[in-house]
Amino acid sequence: MSASVVKTDVVLVGAGIMSATLGALLRQLEPTWSITLFEALDAAAAESSDPWNNAGTGHSALCELNYTPRTADGDVNIEKAISINEQFQVSRQFWAYAVDNGVLRDPSEFINPIPHVSFTHGDAGVDYLRTRYDLLSRETLFEGMEFITDPGEFSERLPLMAAGRDFSDPVALNWFEHGTDVDFGALTQQLVNFVGEGADIFFGHEVTNLSKQRDGSWIVKVHNKRTGEKRKVHAQFVFVGAGGGALHLLQRSGIKEAKGFGGFPVSGEFLRCTNPELIDEHRAKVYGQAAVGAPPMSVPHLDTRVINHEPGLLFGPYAGWSPKFLKNGRITDLPFSVRPGNLLPMMSIAPKEFGLLKYLISELAASPADRINTLRDFVPEALGPDWETITAGQRVQVIRGKGISGALEFGTAVVAAGDGTIAGLLGASPGASTAVPAMLDVLSKCFGDRYDTTWAPKLGEMIPSFGKSLSDNPALFQQVWDWTSKSLELTRTPASA
């Protein structure tokens with residue numbers, strides 16, 4: 001092997017929340033391992049992890065109605081909500097451990113207490129939220145949820161949404177006081193700073209190819225976008241955490257596990273409030289129901305954000321479309337992702353997802369006035385001059401091949417080689433909020449021998465519920481909830497209050 005090839009134990013591709021989380025975990029588990037991180041852009045968290053590109057909800061299924069769908073018999077399925085909340089608690093525990101042990105600094109820079117609220121109106125909507133509440137409020141992870149239908153209580157808690165509302169149309173809320181807002185950009189930057197204390201980090205460097213060697217290691221080809229210089233890195237393990245760019249690199253790696261996967265890009269825009277008085281009137285993350293045919297990531301929400309300790313207010317998303325797989329991607333991303341192994345699965349999607357295509361077309365045709373009218377379902381007295389349009393991050397929904405057919409999946413998928421030498425993450429929401437369990441999944445699939453033996457005690461120290469179900473253990477849940485609330489300073493008055 002050429003002497004010019006640099007050797008490292010681990011290569012991380014992308015400086016987003018996934019690579020940052022995996023790097024932080026590995027530094028705790030194997031502090032002697034060498035780590036090299038490459039990011040094509042000039043800063044960490046500049047794509048989907050950026051606070052204006054990411055919903056920031058701290059997805060815990062407390063308010064997102066797409067995780068509690070109505071079933072054909074009129075009941076409500078809460079299984080996914082419980083699973084996602086369980087995963088978020090794992091992330092929350094690791095963040096608390098990281099604060100306690102100097103990995104992360106001031107938690108108010110990245111996490112703040114904000115109520116999570118589900119909102120419906122009309123008789124059918126009220127009935128649905130009542131059923132949802134009846135089921136979830138019995139569950140350990142959802143204790144304390146409230147069901148509210150009284151217009152007076154609605155007006156007191158959500159004055160911006162109440163002003164000008166015709167309450168002859170019944171309303172309902174599922175209210176959870178102890179939700180959070182997470183600035184995943186700030187969190188990612190703190191984690192990258194920690195990883196960088198014991199790793200080599202290169203910004204403005206794009207990974208262009210991955211070649212497997214006979215011994216199972218990898219040659220990673222890298223292009224310096226500033227100087228044009230090319231280099232090769234010899235790594236024992238590679239993680240592709242490049243957001244929408246992960247699919248191309250996993251395809252180029254040639255691993256059989258990536259064959260059959262495709263991607264469908266969906267962009268989004270939000271209305272951002274520019275009126276400080278309106279921002280001060282709203283203190284919650286309020287999620288409604290998605291339009292018929294809309295993807296789960298398009299669930300409308302009126303969303304209090306806390307970024308750089310300053311409150312903000314967003315509404316959306318409004319779906320758009322671009323063939324790019326990243327906000328800073330290329331228009332050739334989608335066509336160049338089509339391969340013989342995924343062509344038929346990708347072609348099979350259109351007839352099965354006609355509702356989604358119809359929804360995207362209607363969204364693209366919407367005027368600014370149409371968008372304000374949609375906002376008025378949440379804010380009846382909304383005026384156009386109080387809101388500006390911003391473009392959010394690009395998302396790539398996973399298309400998983402099943403023979404000659406394919407299925408569009410809404411969620412995240414870990415793709416790992418059978419020998420555990422390379423892995424990547426595909427998909428979108430809940431994404432960042434479940435970064436820690438997703439990276440534990442990567443470690444389990446790729447380092448199973450260490451994961452269950454050598455690493456288990458340390459993982460149990462970082463995550464007290466490691467290997468356990470909090471849903472089935474109320475005492476343990478209360479213990480970790482109290483600890484994480486204290487360490488993350490979530491018992492303080494919300495920063496936006």
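Trainee: Is Thr421 buried or exposed?

Mentor: This is a predicted model, in which local features need pLDDT of at least 70, side-chain atom pairs count only at pLDDT 80 or more, and totals for chains, interfaces and linings use all residues. Residues are numbered from 1 along each chain as its sequence is written, and side-chain values use heavy atoms, with hydrogens and water left out. Buried means under 20% relative accessible area, exposed over 50%, and partly exposed in between, with a 1.4 Å probe and protein chains only. Thr421 has a relative accessible area of 10% and is therefore buried.

Trainee: Where is Thr421 placed, and with which side chain does the side chain of Thr421 make a polar contact?

Mentor: Helices (H or I, at least four residues) and strands (E, at least two) are DSSP runs, numbered from the N terminus. Thr421 belongs to the loop between strand 19 (412-416) and strand 20 (422-427). A polar contact is a pair of N or O atoms within 3.5 Å; within protein, one must be able to donate a hydrogen and the other to accept it, and residues adjacent in sequence count only if both atoms are side-chain atoms. The side chain of Thr421 makes such a contact, of 3.0 Å, with the side chain of Trp218. Another polar contact, of 2.9 Å, joins the side chains of Ser108 and Asp106. Ser108 is buried at 12% relative accessible area and lies in the loop between helix 2 and strand 3 (111-113).

Trainee: How many aromatic pairs does a search of the whole structure find?

Mentor: Rings of Phe, Tyr and Trp (its six-membered ring) pair if their centres lie within 6.5 Å; planes under 30 degrees apart count as stacked, over 60 as edge-to-face and the rest as tilted. The search finds 17 aromatic pairs. Among them is the stacked pair of Phe94 and Tyr97, at 6.5 Å centre to centre and 25 degrees between the planes. These two residues are about one helical turn apart, because they are separated by 3 residues in helix 2 (residues 79-100). Both Phe94 and Tyr97 are buried. The pair of Tyr133 and Phe147 is also stacked, because the ring centres are 5.8 Å apart and the planes meet at 25 degrees. Tyr133 is in helix 3 (residues 122-136) and Phe147 in strand 5 (residues 146-148), so this pair ties together parts 14 residues apart in sequence.

Trainee: Which ring does Arg92 lie over?

Mentor: A charge sits over a ring if NZ of Lys or CZ of Arg is within 6 Å of the ring centre and within 35 degrees of the ring normal. Arg92 lies over the face of Trp481, at 3.8 Å from the ring centre. The charged end of Arg157 sits over the ring of Trp175, 4.9 Å from its centre.

Trainee: What is the phi of Ala61, and which peptide bond is cis?

Mentor: Most residues other than glycine have a negative phi, and most peptide bonds are trans. Ala61 has a positive phi, near 65 degrees, and is buried at 0% relative accessibility. Asn308 also has a positive phi, of about 55 degrees, but is exposed at 63% relative accessible area. The peptide bond from Gly316 to Pro317 is cis, with omega near 0 degrees; Pro317 lies in strand 15 (residues 310-320).
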